[in-house]
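Good morning. Let me put the structure on the screen, and then I'll walk you through it.

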Amino acid sequence: QLTPSRLMARVSSTRRTFTQGAVVLGGVLSAVLSQAFGTLVPLIAAAYAVMTREGASGTEVLLQLRAAWTHQGGTWGVPGGARDSHETPAEAAIRESVEECGIDPDRIRVVRELVTTDVPGWSYTTVIARCDAPLPVTANEESEELRWVPLAEVSGFELHPGFAASLSNVLAKAMVHTEPH
């Protein structure tokens, strides 16, 4: 028999495929499960890291070209994914960045958390972090490429739709909160 907890376990085991930009999926799934079982379904959440550093041409952000097999593969975004139930947004964003980019977590500093989507059943938090330059990165199987890009050039890339929708707000916060003092 399919119970809410069994269904959520199945969803949890596959939700990494649907992380970035899955606002509609998360909200609809939660609503459908709530109606089907008459219970409150746990919040599905994701966190992403906008990592910035000082480069030769000013502030740069780490972009990730998503692997073809991932949700919205072939588009550029930032590292991140589903939050585990015990994680804060910053913890999830850093964990995902370590997994997807091979970064050294001791070399980054979280400067701000920005909830970019908050709808029933889904929460999407962008974590803005500052890192030492240079910060070596190594792509895993979820990434075709990792690239440090000047902030002014980010919008010129073919961006993941979810990232593109929040880009102006996120970059405005990144510019204000990560510049050296």
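**A first tour of the chain**

The chain has four helices and seven strands. Both are DSSP runs numbered from the N terminus: helices are H or I with at least four residues, strands are E with at least two. Reading from the N terminus, the order is α-α-β-β-β-β-α-β-β-β-α.

Before the details, a word on the source. This is a predicted model, where local features need pLDDT of at least 70 and side-chain atom pairs count only at pLDDT 80 or more, while totals for chains, interfaces and linings use all residues. Residues are numbered from 1 along each chain as its sequence is written, and side-chain values use heavy atoms, with hydrogens and water left out.

Now the overall picture. Of the 181 residues in the chain, 48% are buried. Buried means under 20% relative accessible area, exposed means over 50%, and partly exposed is in between, with a 1.4 Å probe and protein chains only. Next, contacts, meaning heavy atoms within 4.5 Å. Take those with a separation of 6 or more: 69% join residues 24 or more positions apart.

On to a hairpin. Strand S5, residues 108-119, pairs with strand S6, residues 122-131. The sense is antiparallel, over 10 bridges. For strands to pair, DSSP must find at least two bridges between them. Arginine 109 sits opposite arginine 130 in S6. Two residues lie between S5 and S6, and glycine 121 in the turn has a positive phi of about 90°.

Now the aromatics. How many aromatic pairs does a search of the whole structure find? Two. The rings of Phe, Tyr and Trp (its six-membered ring) pair if their centres lie within 6.5 Å; planes under 30 degrees apart count as stacked, over 60 as edge-to-face, the rest as tilted.

Tyrosine 48 and tyrosine 124 have ring centres 4.9 Å apart and planes at 25°, so they are stacked. This pair links distant parts of the chain. Tyrosine 48 is in strand S1, residues 44-55, and tyrosine 124 is in S6, 76 residues away. Buried or exposed, tyrosine 48? Buried, at 0% relative accessibility. Tyrosine 124 is buried too, at 3%.

The other pair is tryptophan 76 with phenylalanine 157, and it is edge-to-face. The centres are 5.1 Å apart, with 75° between the planes. Again, distant parts of the chain are linked, 81 residues apart. Tryptophan 76 is in strand S3, residues 76-77. Phenylalanine 157 is in the loop between strand S7 (143-150) and helix H4 (161-178). Tryptophan 76 counts as buried at 8% relative accessibility, and phenylalanine 157 counts as buried at 18%.
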